[in-house]
Amino acid sequence: MRTVITFGTFDVFHIGHLHILNRARKLGDRLVVGVSSDQLNRQKKSRAPLYDEQARLQIISALKCVDAVFLEQALELKRAYIRQHQASVLVMGDDWQGRFDDLRDMCQVIYLPRTPSVSTTSIIELAGRVLSHP
């Protein structure tokens, strides 16, 4: 069995998230997804997620392309997560290009292109501008 693992915050779930998860699932027999904890998101993005980690875990686990989810506590634990879930493929968005190449000694590392013109940050920023201008 070929297990694929990927990671993300998945706050304000959008079509870009769905695209990358569906493409990741097609690379193996099983897809395991690490959802960034609230604390990790604050460290990565200097802001709290709009939806808490439990809600985001529920959203991702409800997708038919996802076989298992877990809470990612730290970026530095990727190697341990890959081992724990016996993943043979790590998939990340190409905005992380090269960042996890050091894991190639234990699994294949694939960076998939993101969906153009779609990002959680831009959605949140746009919503903030709309709400602040009546």
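**Cores, aromatic pairs and helix faces in a predicted model**

At 12% relative accessibility, Phe-70 counts as buried, where buried means under 20% relative accessible area, exposed over 50% and partly exposed in between (1.4 Å probe, protein chains only). The model is predicted, so local features need pLDDT of at least 70 and side-chain atom pairs count only at pLDDT 80 or more, while totals for chains, interfaces and linings use all residues. Residues are numbered from 1 along each chain as its sequence is written, and side-chain values use heavy atoms, with hydrogens and water left out.

Phe-70 takes part in an aromatic pair with Tyr-81, which is tilted, at 4.9 Å centre to centre and 45 degrees between the planes. Rings of Phe, Tyr and Trp (its six-membered ring) pair if their centres lie within 6.5 Å; planes under 30 degrees apart count as stacked, over 60 as edge-to-face and the rest as tilted. Because Phe-70 lies in strand E3 (residues 68–72) and Tyr-81 in helix H4 (residues 78–84), the pair ties together parts that are 11 residues apart in sequence. Helices (H or I, at least four residues) and strands (E, at least two) are DSSP runs, numbered from the N terminus. Tyr-81 is also buried, because its relative accessibility is 7%. A further tilted pair is formed by Trp-96 and Phe-100, at 5.6 Å centre to centre and 35 degrees between the planes. Trp-96 counts as partly exposed at 22% relative accessibility, whereas Phe-100 is buried, with a relative accessible area of 5%. The structure holds four aromatic pairs. Phe-7, Phe-70 and Tyr-81 form one aromatic cluster.

The largest nonpolar core has 17 residues. Such a core is a set of buried Ala, Val, Leu, Ile, Met, Phe, Trp, Tyr and Cys residues joined through side-chain atoms within 4.5 Å. Leu-21, Leu-31, Val-33, Ile-60, Val-66 and Val-91 have the most contacts inside the largest core. At least two residues of this core come from each of helix H1 (15–25), strand E2 (30–36), helix H3 (53–61), strand E4 (89–93) and strand E5 (108–112). A second, separate core of 14 residues includes Ile-5, Phe-70, Tyr-81 and Met-92. When residues up to four places away in sequence are not counted, Val-91 touches Val-4, Ile-5, Thr-6, Phe-7, Ala-24, Leu-27, Ile-110 and Leu-112; contact means heavy atoms within 4.5 Å.

In helix H2 (residues 38–45), the buried residues are Asp-38, Leu-40 and Asn-41. They cover an arc of only 155 degrees around the axis, which puts them on the same side of H2. The buried residues of H2 pack against E2, H3 and E3. Ser-46, whose phi is positive, near 55 degrees, follows H2.

Ser-36 is placed in strand E2 and counts as buried, at 0% relative accessibility. Leaving aside neighbours within four places in sequence, Ser-36 is in contact with Gly-8, Thr-9, Lys-44, Arg-56, Leu-71 and Glu-72.

Technical notes
Arc of directions from axis to C-beta.
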